[in-house]
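Hello,

Here is the structure I promised to pass on. Please open it first, then read my notes below.

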Amino acid sequence: MPNWGGGAKCGACDKTVYHAEEIQCNGRSFHKSCFLCMACRKALDSTTVAAHESEIYCKTCYGRKYGPKGIGFGQGAGCLSTDTGDHLGLNLQQGSPKPARPSTPTNASKFAKKVADVDKCPRCGKSVYAAEKIMGGGKPWHKTCFRCAICGKSLESTNVTDKDGELYCKVCYAKNFGPKGIGFGGLTQVEKKE
């Protein structure tokens, strides 16, 4: 059946993908919002995606599912990884993933489905839409909320650090959580003698 007036079908949701919202991977098209790891649902990009046949994963989940197993593989050389991937919906013993998407009632409205899929900003708790989303610390933030928790300085990928789910500029992080003592910006020689 011809596809009149639209783009390709999304590899995740099977809806039409228009050029402005299209991401291509392995010869398939995806909506930007559907370009997620099939196991952990983390947002993907060209540097973090690993494809296997018609499935897409982040590199971590792909390694857990399809990578080598046993002693010497996993977190470091000489380690036996006991991580089974169960918390990511991977069932490595039988080799098939659990369903990544929760089933929704068939009578749910399209609006209700869209609202449920929208991420929440950790700082203000409001919905974060794609046009205003910045990823930091593995979470989506509004551009206006992507600031240091202490000094309020606007952050970028080059000066952001995260601790316990909160964002800090490198200066505030070093002052509050970095090493203390002589030579680390803490006590000085004069203060130590007193």
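Predicted model: local features only at pLDDT ≥ 70, side-chain atom pairs only at ≥ 80, totals over all residues.

As background, nonpolar side chains tend to be buried together in soluble globular proteins.

Cysteine 61 sits in helix H1 (residues 59–66). Is cysteine 61 buried or exposed? Cysteine 61 has a relative accessible area of 1%, so it counts as buried. Cysteine 40 is 21 residues away from cysteine 61 in sequence. In space, the two are 7.4 Å apart, C-alpha to C-alpha.

Valine 49 has cysteine 58 in S6 as its bridge partner. Two residues lie between the strands of this hairpin. There, glutamate 53 takes a positive phi near 55°.

Strands S3 (residues 22–25) and S4 (residues 28–31) form a hairpin too, with two residues between them. They run antiparallel and are joined by four bridges. Glutamine 24 stands opposite serine 29 in S4. In the turn, asparagine 26 has a positive phi of about 55°.

**Cysteines without disulfides**

How many disulfides does the model have? The count comes to zero. A disulfide would need two cysteine sulfur atoms within 2.5 Å.

- Cysteine 124 is partly exposed, with a relative accessible area of 35%.
- Cysteine 151: the closest cysteine sulfur belongs to cysteine 148, at 3.7 Å, so this pair is too far apart for a bond as well. Cysteine 151 is partly exposed, with a relative accessible area of 44%.

**Asparagine 159**

Asparagine 159 lies in the loop between strand S10 (139–142) and strand S11 (160–163). Why does asparagine 159 count as buried? Its relative accessible area is 14%, and buried means under 20%. A polar atom of the asparagine 159 side chain lies 2.7 Å from the backbone nitrogen of glutamate 156. Beyond its neighbours within four places in sequence, asparagine 159 is in contact with Lys153, Ser154, Tyr168, Cys169 and Lys170.

**Confidence**

The chain averages a pLDDT of 75. Of the residues, 65% score at least 70. Where is confidence highest in the chain? Strand S12 (residues 166–169) has that place, at 90. Confidence is lowest in helix H4 (residues 189–193), at a mean of 48. Over residues 92–99, pLDDT stays under 50. For that stretch the model has 15 contacts beyond four places in sequence.

Best wishes

Notes. Residues numbered from 1 in each chain as written. Heavy atoms only, no water. Buried < 20%, exposed > 50% of the residue type's maximum accessible area, 1.4 Å probe, protein only. Polar contact = N/O pair within 3.5 Å; in protein donor to acceptor, adjacent residues only side chain to side chain. Contact = heavy atoms within 4.5 Å. Pairing = 2+ DSSP bridges. pLDDT = per-residue confidence, 0-100.
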